[in-house]
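Look over the structure first, then read on.

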Amino acid sequence: MNPHDAQNSLDDIHRLQDRTREEIVRQSFTLPRVIISALSLFVAFSTIDLPRPWNLSFMVLGLAVYAGVGIVCEHRASVRRKTTTQEALFHGGLIACIMVAFAVGRIAAFALFDLPPHGLLSQAAGGAIVAAVAYVAATPVNRSVLKSIVQQGGRA
């Protein structure tokens, strides 16, 4: 093998690694996964104001669907790799941001709307709407952040 062929092979490897990293990011934020995740977050958060045991049942159901969608999508992914610490921190931060959006939405619903039994929107439903919309709206930003983390992980 001459040096030119070796360099071409290395260039192909680097190009395919970049394509693999892009596929990992693309799979993480597909439209069905984002929509189902947002709906499951809405179900989990909007039912907090229901009486027991319904509030706990629906919260567990919504969070189980949220986690299950992630697990199923990762299991069916055509490209897999070991999760890095930075990626785990990113996903933990994403969950924390969702919780903050829910809290802000719940406070806003309390301040802006006439609450039940006279009003149509409960505090939890207002917070759930804000959290779900924020999750969907932040998808492009999340995708770009995850892309930079995945690319950094490949160079390390």
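Helices (H or I, at least four residues) and strands (E, at least two) are DSSP runs, numbered from the N terminus. This is a predicted model, in which local features need pLDDT of at least 70, side-chain atom pairs count only at pLDDT 80 or more, and totals for chains, interfaces and linings use all residues. Residues are numbered from 1 along each chain as its sequence is written, and side-chain values use heavy atoms, with hydrogens and water left out.

**Overall fold**

- The protein chain has six helices and zero strands.
- Along the sequence, the pattern reads α-α-α-α-α-α.
- Of the 156 residues in the protein chain, 31% are buried (buried is under 20% relative accessible area, exposed over 50%, partly exposed in between; 1.4 Å probe, protein chains only).
- Contact means heavy atoms within 4.5 Å. Of the contacts in the protein chain with a separation of 6 or more, 72% join residues 24 or more positions apart.

**Helices H2 and H5**

- Helix H2 (residues 31-46) packs on helix H5 (residues 123-137) at about 160°, with the axes 8 Å apart. That makes H2 roughly antiparallel to H5.
- Axes are lines fitted to C-alpha atoms, for helices over the stretch in contact, and angles run from 0 to 180 degrees between N-to-C directions.
- Angles under 35 degrees count as roughly parallel, over 145 as roughly antiparallel, 65 to 115 as roughly perpendicular and the rest as oblique.
- H2 residues meeting H5 include Val-34, Leu-41 and Phe-45. Among their H5 partners are Ala-128, Ile-129 and Tyr-135.
- By class, this contact of H2 with H5 has 13 nonpolar, two polar and no charged residues (Ala, Val, Leu, Ile, Met, Phe, Trp, Tyr, Cys and Pro count as nonpolar, Asp, Glu, Lys and Arg as charged, and the others, Gly among them, as polar).

**Ser-37 and Tyr-135**

- Ser-37 lies in helix H2. Ser-37 is buried, at 3% relative accessible area.
- Beyond four places in sequence, Ser-37 is in contact with Tyr-66, Val-69 and Tyr-135.
- Tyr-135 touches residues including Leu-41, Leu-94 and Ile-98, again not counting those up to four places away.

**Ile-48**

- Ile-48 sits in the loop between H2 and helix H3 (54-76). Ile-48 is partly exposed, with a relative accessible area of 26%.
- Ile-48 and Ala-124 are 76 residues apart in sequence, but 6.0 Å apart in space, C-alpha to C-alpha.
- Leaving aside neighbours within four places, Ile-48 contacts Asn-55, Met-59, Phe-102, Arg-106 and Ala-124.
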